[in-house]
Amino acid sequence: MTNNHNPHSRFLLSFFLTVCAILVTIGSFNLLIDPYNIFETPTWHGINQKKKDTSGHFARLFQAAEIIKLKPQAILFGSSRVIRGFDPHDLEQLIQIPSHNGGMSGTNFEEIYGYFEHALYNQPKLKTVIIGLDFFAFDKRRKNSPDFSWNRLSISHTSHEEYFDALFGKLALKESLKVVYFNLTEKNNKWTIGFIPGDLPEFDEKYIANVKKEYGKWQVSLYRVELFRKLVEKCRECQIDLKVFISPAQTVYWDTIREIGMWPAFEQLKRDLSAIHPIWDFSGSNCITTKEAEKDGEPLYYECSHFRPYVGKLILNKMYGASDPYPTFGVLLE
Amino acid sequence: MLFNSYSFIFIFLPLVLGIFYLCCYLKKHEQARLTLLLGSLFFYAYWDIRFLPLLCLSICFNFILANVIYRSEGFRRIWLFVGLTVNLSFLFYCKYLNFFISSLNYLSLADLSFAEIILPLGISFFTFTQIAYLVDVYHKKAETSGLISYGLFVTIFPHLIAGPILHHKEMIHQFNSPDTFRWSSSNFAQGWFLFIVGLFKKVAIADNLAMLVSPIFDEQMTQVPFIQAWLGAISYTLQLYFDFSGYSDMAIGLGLLFNMRLPINFNSPYQATSIIDFWRRWHISLSNFLRDYLYIPMGGNRFGEVAKLRNLLLTMVLGGIWHGAGWTFVFWGLCHGIFLVVNHLWKKLNIPLSNGIARSLTLIAVMMAWVIFRSPSMETAENILKGMIGMNGIVLPVSYAPHLSYLTDYGVAFAALEYSRFRAENMIGILCLIAVTLWLPNSQFWKEKFHQRPIVLGIACAVVMAFIISSLGTTSEFLYYQF
């Protein structure tokens, strides 16, 4: 069919051979490493066992696929505070139900609602939902993350576009390389999807500067408050045990919010949300946020905003009434 | 389905190409045509299957009506009137009804609620293609054809959503020509080359420019300063060109993969030396349509100079409305109408302009009109245009203040530019793109260059293709899909 002396045929031959060679190489590597955990490729210790970026750029893709795969009956939603602060095994021990940490960095409530629906679609017998709320989740100005897409939610399979992207996408390739590096260098064996323990850099100053910038123009999104109401109603309808809490952070964090004059707005938001559903409030000033409890020996925070799994366990115990070593930590707003 | 999606490149296209050429190899030409038609309908339905019956209904209605007009002796005009009324009413209902209601409400002439209508994709393209066909059948300039050929003429997937607007004369004979069903390595190679060039324009250039454009136009800034306004306008001018001409390159390239020649839609439009010249180079198939089916039927230049200018103005306003139901499109069309009128009057004065000045003036006029076209509202357009003429002052990033503080004496202010994402590398990129659009030949020229170094070109195209494929996860729809 082709004539090798014809320049067009030579163009076609060189084009197709080269493109196939490149794609097969990239595709095989990504398939082997499976950086988003969607191909269920066998895992090799020290190569691809631990998937790194479950909280970064691909958290939304990762979580959508994980929820389809795991179909958890209990799920935690929230931002990086939830990712860093809650070991799902702690929740499993408490409620004896397979649990999953569905945290996504910097998530807003629209995204949380989308993933709640996705979890319910894939697990109609969803029993427990725990949501860690952040002030920024209701900020009108905080848009959905670029990797958030409604198209990948409330479906029971990962779309073929996602599969192709995971095979040939440059971000997937970059992530595969990171996974290999991470597995070669990371020694922490206590690792589960969605929950990422390990030290965070102490960057309080920068963080506080960012909080000032971030919250300076905070405006409540009534749409997201409405979504919260919708989620609560859906939980009632499906008899899902819903627990909602406001995360603790060090007092410097709350003082900054006061300093920029956003405290009344924060309080109002708490009143609005707790009028819809009871909320556990771990914010403000208490023995954990002042770090007073640290004298008991356990470190409480990574830095001013992100608490450690020890605090996460305290929160779970408080909400479920399991134990209460620090009575001033956490108030139920009704 | 998007051309720049994995599903299209890895599933749809290989499948349709494979079946098409298998039919060709087995000399089953009718089946090859049917494959293309079914493939095109699937391509359309993939977006939203609810629109498919509407498209099929529109095709069947116009096909039957064209045959009736062709055979009718006494009632041809009435049948044509029926056809135009039904097509335009359908278009008006889907695309313009809510705009009409909002305009009435705005003028306090009524207090109507909006209709819940989902706009079928590509409705303007397939409606106008068919209106042109009916008019030509009426004037006995077009023959009728079989349903499959007619269906292909309207739906063939490379052009269905965003053009080029096809003319039956250019297409129908190709669906029946034996050459269409023969393997041609020349067409196949040129087709792939154009497809890759188009993909590159879209994925590597237009989508990256979009990130710079969006904050300027969409963030509702209270005042857009001079530099930001110009950067926004220039970036959008480039984005639209690379997006739409990228789509057209892909469409023409895909046509060539099936041995079909779709009309050229762009011919280096920003190299135009006048607005008249611009409209001979930008969206050529739409310009031809507006000329043949609006301007000339309105009287064209047959009734004197004043009537000609009036017809030009009206044609461009209607052309603006064709693009979308909104006042920004109306004003954009009006702007181009006025530019054309000025251009024609200027020609009468016979004052020579150097090529450089003529090109610069044309480009600035086009750019200012694009600001109106892109803006979500007339207020935003006014804000950016004010910025472009310096009414909102000059503001530089606050980080420049230590080095350039002396500029404050000349009215330059320093502030945190929250919505400006322009960095030095973006500026260099934009300058390069301006140079490419102003001075380099376009993709039609390059596609003829296979004779020189085909293997090197093949490998280079493969690397570009692999890069594009690796970037498909973050691409977006084509801008002209909304029209």
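Visitor: How many residues of chain B are in contact with chain A?
Guide: The model is a predicted one, so what follows describes a prediction. Counting contacts as heavy atoms within 4.5 Å, chain A contributes 26 residues, and the residues of chain B in contact with them number 35.

Visitor: What is the area buried between chain B and chain A, and which element gives the largest share of the side of chain B that touches chain A?
Guide: The buried area is about 2600 Å², with carbon and sulfur atoms giving 72% of that area. Across this interface the rule finds nine residue pairs in polar contact, both residues at pLDDT 80 or more. On the side of chain B that touches chain A, the elements giving two or more residues are α1 (6-25), α8 (185-218) and α19 (454-471) of chain B. The largest share, 14 residues, comes from α19(B).

Visitor: Which strands stand at the edges of the open sheet in chain A?
Guide: The sheet has six strands in the order β2-β1-β3-β4-β5-β6 (chain A), with mixed pairing. Two of these strands each have a single partner strand, so one side of each is left without a neighbour in the sheet: they are β2 (99-101) and β6 (331-333) of chain A.

Conventions
Residues numbered from 1 in each chain as written. Chains lettered and ligands numbered in written order. Predicted model: local features only at pLDDT ≥ 70, side-chain atom pairs only at ≥ 80, totals over all residues. Heavy atoms only, no water. Buried area = accessible area lost by both parts, 1.4 Å probe. Polar contact = N/O pair within 3.5 Å; in protein donor to acceptor, adjacent residues only side chain to side chain. Helix = DSSP H or I, 4+ residues; strand = E, 2+ residues; numbered from the N terminus. Pairing = 2+ DSSP bridges.
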